[in-house]
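Here is a friendly walk through one protein chain. Keep the structure open beside the text and look up each residue as you meet it.

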Amino acid sequence: MARRNIVIYHDEITPNLLVFPSLLFAQLMVECEEQAPETESWMKANAPWEDRTGNARDALWAEAFGTPAAVGIDVGHGEDIEYGAYLETVSNGRYGIIKSTVKDQGRALMRRTNGLFDRMPSVKHGGSPGLY
């Protein structure tokens, strides 16, 4: 009769891998929520047009978002500013702020998230026993 052995092992990798996506999502949301106000301030300070009323500049916005597929920062002109698209496209984008915001603040967000894994909390639940 063949001999069968049961080996009990302690698995610390699998539980950590199972919780990693939710930890990463949460940490990325924190980073985006912290970056969004800075992005909005940058947009308002760097909008290349000369203000007449200040409405267009005041209506610029940036907001963190998170979906199951993506995490990031949305930027735009306020809904009440009907000429936001005009500012972005007239004279080959001379008065646009969205493209330069994505470029500059995208880099800022990448710098912010550099080393993110090192700053993430570690999972300390001791793993799960299993049979091999």
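## Contacts and overall layout

Among contacts (heavy atoms within 4.5 Å) in the protein chain between residues at least 6 apart in sequence, 66% join residues at least 24 apart. Keep in mind that this is a predicted model, where local features need pLDDT of at least 70, side-chain atom pairs count only at pLDDT 80 or more, and totals for chains, interfaces and linings use all residues. Residues are numbered from 1 along each chain as its sequence is written, and side-chain values use heavy atoms, with hydrogens and water left out.

The chain has five helices and four strands. Helices (H or I, at least four residues) and strands (E, at least two) are DSSP runs, numbered from the N terminus. Reading from that end, the order is β-α-α-β-β-α-α-α-β. Of the 132 residues in the chain, 30% are buried; buried means under 20% relative accessible area, exposed over 50%, and partly exposed in between, with a 1.4 Å probe and protein chains only.

How far apart are the end C-alpha atoms of helix 4? They are 21 Å apart, which agrees with the 22 Å that its 16 residues (98-113) should span at 1.5 Å a residue. The expected span is 1.5 Å times one less than the number of residues. After helix 4 comes Gly115, with a positive phi near 80°.

The buried residues of this helix are Thr101, Gln105, Ala108, Leu109, Arg112 and Thr113.

Gln105 sits in helix 4 and counts as buried because its relative accessible area is 8%. Leaving aside neighbours within four places in sequence, Gln105 is in contact with Gln35, Glu38, Thr39 and Trp42.

Thr113, also in helix 4, is buried too, since its relative accessible area is 16%. Not counting residues up to four places away in sequence, Thr113 touches Leu28, Glu31 and Arg119. Thr113 and Leu28 are 85 residues apart in sequence, yet their C-alpha atoms are 7.7 Å apart in space.

Which residues make up the largest nonpolar core? The eight are Met43, Ala47, Trp49, Ala56, Leu60, Ile81, Leu87 and Ile97. Such a core is a set of buried Ala, Val, Leu, Ile, Met, Phe, Trp, Tyr and Cys residues joined through side-chain atoms within 4.5 Å. Ala56 touches Trp49, Ile81, Tyr83 and Leu87, again not counting residues up to four places away.

In helix 3, Gly84, Leu87, Glu88 and Val90 are buried. The buried residues of helix 3 pack against helix 2 and helix 4.

## The largest pocket

The largest pocket has a volume of about 300 Å³. Of its 13 lining residues, the closest to the centre are Trp49, Glu50, Arg52, Tyr83 and Leu87. On a 1 Å grid over the protein atoms alone, a pocket is an open set of points where a 1.4 Å probe fits, with protein on both sides within 12 Å along at least five of seven lines; lining residues have an atom within 4 Å of a point. The volume is the space filled by probe spheres set on the points, which are joined across faces, edges and corners.

Helix 2 (55-58) and helix 3 (84-93) each supply at least two lining residues, and helix 3 gives the most, with three.
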